[in-house]
Amino acid sequence: GSDLVVAYSRSGKNGFSIETIFKVVDEYHDTIYLKNVKSIVQIGGEYEILNPVHYIDLVEPTVRDAHFETEAVIKYLVRHDNTPPYISKQLIQRFGISNPSPRYVESVARAFRDGYYEWERGGEKLQYGDWKWGNLAATAAAILLDREATSVSLDADPAHGSLREPLLKVIGFMRSLEYTPTAGDKNENTKLNGLQGKIGQMVYSAPDQFSFFRPDYSPAGTLSEALLVSPEAQLLTMSQTVKTLTGFFSLARSGLNELYGGFGASVFGGSSNRLYNGELIKAGDYEKSVGYLNFSTTTADAGSVIDELATLLTSGRLSNSSKELLTKAYNEYSGKYSSENLLRLMQQLIATA
């Protein structure tokens, strides 16, 4: 036979028979073995169907055969024609684009199906993948290098992009503003606490196997009327939105603890309100916190401070009107607050933008 098909027969027999076994390299680049048999089931003498192949011996079933049967079912589902576009669209959504175009989904699905993606840059061609079905290197490259993911002009399209998941928003806020553990934190793990009830999301706390929100969720209003989706918006209840902002305010004011509705746990005692042992906790007092935001700026110029915070917290997408309001507030309170507290105030205000 050829390199793609090899036929095996029992010793001493020539030609093909029902005992012939074919070794085939299929369209998924896998080597499979097929018996030269076509089994037909007759139904009432008028209808017939192809008898589905199965591994399990109905007379003497074994655990080994059950494993083979399960593996075959999983492989069939993974290689169904609908799987590449379905998986591709959801992966694109998790990379920050809720409403990818059909062309974008098709491009990523093709990379997933072929196991290969080629990208050209300045005359240089870069290849990703190994030509095997479902190669994630090729799939990720197709997602990240596509023009819908890299075009700056799409920032002007209000339908482009996605909402950030609440947990990623909290982590991003902490990382951007240089979260630093205090001396009182003896644990290498950040002590986030009760976020499921505050922001609607926490690691390992998904309500079921389908995660925290549906990929096809479309909030009522303009998006729904335009047939667009916003999966993360399913978590934006009024209660959780208020609690998220309260947590940001607490984090900027007094660090990571449970005071003022904060995102942390009470590791030093005290209560969940603004008092500790009957005393008001002052802004910048991190004695009862396990960490704080260590970000500082080298300039006192209002515009420069706002621009830097906008870059860190909004990737430069803060509107000019919001910048003007923040600059006005900065100048108004610059003589009333210390530079440290003024910076905390700006962090709180940008969190609401």
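Reader: Which helices and strands do the buried residues of α6 pack against?

Author: This is a predicted model, in which local features need pLDDT of at least 70 and side-chain atom pairs count only at pLDDT 80 or more, while totals for chains, interfaces and linings use all residues. Residues are numbered from 1 along each chain as its sequence is written, and side-chain values use heavy atoms, with hydrogens and water left out. Helices (H or I, at least four residues) and strands (E, at least two) are DSSP runs numbered from the N terminus, and contact means heavy atoms within 4.5 Å. The buried residues of α6 pack against β8 (179-181), α7 (195-198), α9 (238-254), β11 (291-293), α10 (302-314) and α12 (339-351).

Reader: Which residues of helix α6 are buried?

Author: Buried means under 20% relative accessible area, exposed means over 50%, and partly exposed lies in between (1.4 Å probe, protein chains only). In helix α6, residues 166-176, the buried ones are Pro166, Leu167, Val170, Gly172, Phe173 and Met174.

Reader: Which aromatic cluster includes Phe173?

Author: Rings of Phe, Tyr and Trp (its six-membered ring) pair if their centres lie within 6.5 Å; planes under 30 degrees apart count as stacked, over 60 as edge-to-face and the rest as tilted. Phe173 is one of the buried residues of α6. The cluster consists of Phe173, Phe248 and Phe263.

Reader: How many residues apart in sequence are the parts that the pair of Tyr116 and Trp131 ties together?

Author: The two rings are stacked, at 4.2 Å centre to centre and 5° between the planes. Tyr116 lies in strand β6 (residues 116-121) and Trp131 in the loop between β7 (124-129) and α4 (136-145), so the parts tied together are apart in sequence by 15 residues.

Reader: Why does the pair of Tyr333 and Tyr337 count as stacked?

Author: Tyr333 is partly exposed, with a relative accessible area of 27%, and Tyr337 is partly exposed at 39%. The ring centres of Tyr333 and Tyr337 are 5.4 Å apart and their planes are at 20°, so the pair is stacked.
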